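Hi,

Here is the structure I promised to pass on. Have a look first, and my notes follow below.

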Amino acid sequence: MRAWLRASETAHITALAVWLGTIGMTAVAAAVIFPQMRELDPKLSAYPNYTGEHWLLAAGHIANRIFVIGDMIQAACAAVAGLTLAVALIARRLSPFGISAALRMIGMLVAFGALSYQFGSLRPDMRRNLDNYWLSAQDGRNEDARVYQAKFRELHPAASRSLAIGGGAVLIALLGGAWSLSARPRFVPLPDIAAEYGDE
C-alpha cells in the first residue's frame, strides 16, 4: 500500500476511534454529573427567585458545555472519516462489494444520518427549550421554567436513542475498517492504475 493511502487509512481509523470515544465520554459525563450534582444540592445565586431544583440547573449548564464540545469533535471526526473513506474507495483500496467495505459504508451512512438528525432537528429544538428554561428560571418565572423544562425532557429519549444509534454505527464502521486493514488488500484494477498496484 502506498504511503499516502496508508496515512489516509490511519487517519480514517483514528477519526472513527475519536468519534466513538467522544460519544462514549459525553454519555458517561452526563451519567456522572447529574447524580453527583443532585447529591450536592447546590443553591445558585444566579437564580435567586427560582423555586425549582437548582441542582438540575447546575448539572445542565455543565453537561451542555460538554455536549457542545462533543458535537464539534464529532463533526470534525465525521468530516475526516468520510473524506478518508472516499479516498480509499476512489483509490480502489476497497472493493465496494467486499464485506469490510460494506460494513464501513453502512456504518458511516447510519452515523452520518444520526449526526444530521441531531444537528439539523433535535439539538436546535433542545437548545431553544433549554435557553428558555434557563432564562425563565433566572427571571423567576417559575411556571414558564417548568413548561420549558418539560418540553426539553420530552426530547431527551430521542437524543439518547440517536446517540446510541450513532455510537453503534461508528463502532460498526470502526470494526469494518480494522477488518479491512488486517486482511489482504483487494484491488479492483483499473486501466490507468493497474500497473501501479500490480505487485501488491
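Which residue forms a salt bridge with D131? That partner is R127, and the closest N and O atoms of the two are 3.0 Å apart. (A salt bridge here is a side-chain nitrogen of Lys or Arg within 4 Å of a carboxyl oxygen of Asp or Glu.) Both D131 and R127 sit in helix α3, 4 residues apart, which is about one turn of the helix.

Before the rest, a word on the model. It is a predicted one, where local features need pLDDT of at least 70 and side-chain atom pairs count only at pLDDT 80 or more, while totals for chains, interfaces and linings use all residues. Residues are numbered from 1 along each chain as its sequence is written, and side-chain values use heavy atoms, with hydrogens and water left out.

Now the overall layout. The protein has 4 helices and 0 strands, in the order α-α-α-α along the sequence. (Helices are DSSP runs of H or I with at least four residues, strands are runs of E with at least two, and numbering starts from the N terminus.) Of the 200 residues, 38% are buried. (Buried means under 20% relative accessible area, exposed over 50%, and partly exposed in between, with a 1.4 Å probe and protein chains only.) Among contacts between residues at least 6 apart in sequence, 79% join residues at least 24 apart; contact means heavy atoms within 4.5 Å.

Next, the inside. The largest nonpolar core has 16 residues, and L16, W19, A81 and M108 are among those with the most contacts inside it. (Such a core is a set of buried Ala, Val, Leu, Ile, Met, Phe, Trp, Tyr and Cys residues joined through side-chain atoms within 4.5 Å.) Helices α1 (3-40), α2 (54-90), α3 and α4 (142-182) each give two or more residues to this core, and α4 gives the most, with 5 residues. Leaving aside neighbours within four places in sequence, A81 touches H12, A15, L16 and M108. A second, separate core has 15 residues, including A29, W55, Y133 and A145.

A polar atom of the S136 side chain lies 2.8 Å from the backbone oxygen of N132. Not counting residues up to four places away in sequence, S136 touches R141, D144, A145 and Y148.

Two of those, R141 and D144, meet each other in a salt bridge (3.0 Å, N to O). At 33% relative accessibility, D144 is partly exposed, and R141, at 34%, is partly exposed as well. In helix α4, R146 and E143 are 3 residues apart, so about one helical turn separates them, and they form a salt bridge with the closest N and O atoms 2.9 Å apart. Salt bridges that share partners also join D139, R141 and D144 into one network. The structure holds 7 salt bridges.

Most residues other than glycine have a negative phi. D41 has a positive phi of about 50° although it is not a glycine. D41 is found in the loop between α1 and α2, and with a relative accessible area of 41% it is partly exposed.

Cheers

Definitions and conventions
Polar contact = N/O pair within 3.5 Å; in protein donor to acceptor, adjacent residues only side chain to side chain.
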